[in-house]
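Please open the structure in your viewer and keep the selection tool at hand. The tour makes a few stops, each with something to select.

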Amino acid sequence: MAAVDLATHPGHLARRLQQAHYLLWNTMVSEEITSPQFAVMNALVAEPGLDQRTVGERVGLDRSTIAEVISRLGRRGLLHKVRDPEDGRRSLLRLTDDGLRTHRRLTVRTARMNQVFLAPLSAEEQTVFFDLIRRVADAAEDLRNPAEPQGARG
């Protein structure tokens, strides 16, 4: 059997893209705060007081991953949990002052990193790239969280 052309395999290209992003993130943004941790912080800047499940949904992280990210940010003193006064079973998340400062600092760095990351593309190509990758990511999200089967609804 002949070798396949991996340049036509989206998973292979996505992995290479992720490797490039990881390298740029570690060199230009932060070696301490990961991209998923920044995404969680960003979600809490946009909507302070979200619960853990909702933050995970906003940034596309599964339950176990979001739990670990929240735990690490909490240990670093970047966010704190407050018991929801309306539902004592859940906690609401807010960035600490240090978390807000860290987010501001990393936001500037991510903007620079994104310029480098997207430099091979013209402004028009970047718009098309974002549209296409968003569509594929959204479709992949639907595969991960399929709707309830038609026959199972009552």
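The stops below cover a pair of helices and then a pocket. Keep in mind throughout that this is a predicted model.

**Stop one: two helices**

Select residues 35-46, which form helix α2, and residues 97-118, which form helix α5. The two pack with their axes 10 Å apart, at an angle of about 115°. Angles from 65 to 115 degrees count as roughly perpendicular, so α2 is roughly perpendicular to α5. Their crossing is left-handed.

**Stop two: where they touch**

Show the side chains at the contact. From α2, select F38, M41, N42 and V45. From α5, select G99, L100, T102, H103, L106, T107 and T110.

**Stop three: the largest pocket**

Now select Q18, H21, S35, I133 and A137, the residues closest to the centre of the largest pocket. In total, 41 residues line this pocket, and its volume is about 1,800 Å³.

**Stop four: the pocket lining**

Colour α1 (10-29), α2, α3 (52-59), α5 and α6 (123-144), the elements that each give two or more residues to the lining. Both helices from the opening stop, α2 and α5, are on that list. Which element gives the largest share of the lining? That is α6, with eleven residues.

Finally, colour the lining by residue type: 24 of its residues are nonpolar, ten are polar and seven are charged.

Notes:
Residues numbered from 1 in each chain as written. Predicted model: local features only at pLDDT ≥ 70, side-chain atom pairs only at ≥ 80, totals over all residues. Heavy atoms only, no water. Axes fitted to C-alpha atoms, helices over the stretch in contact; angles between N-to-C directions. Helix = DSSP H or I, 4+ residues; strand = E, 2+ residues; numbered from the N terminus. Parallel < 35°, antiparallel > 145°, perpendicular 65-115°, else oblique. Left-handed = near helix turned anticlockwise from the far one by under 90°. Contact = heavy atoms within 4.5 Å. 1 Å grid on protein atoms, 1.4 Å probe; cavity = no way out; pocket = protein on both sides within 12 Å on 5 of 7 lines; lining within 4 Å. Points joined across faces, edges and corners; volume = space filled by probe spheres on them. Nonpolar A, V, L, I, M, F, W, Y, C, P; charged D, E, K, R; others polar.
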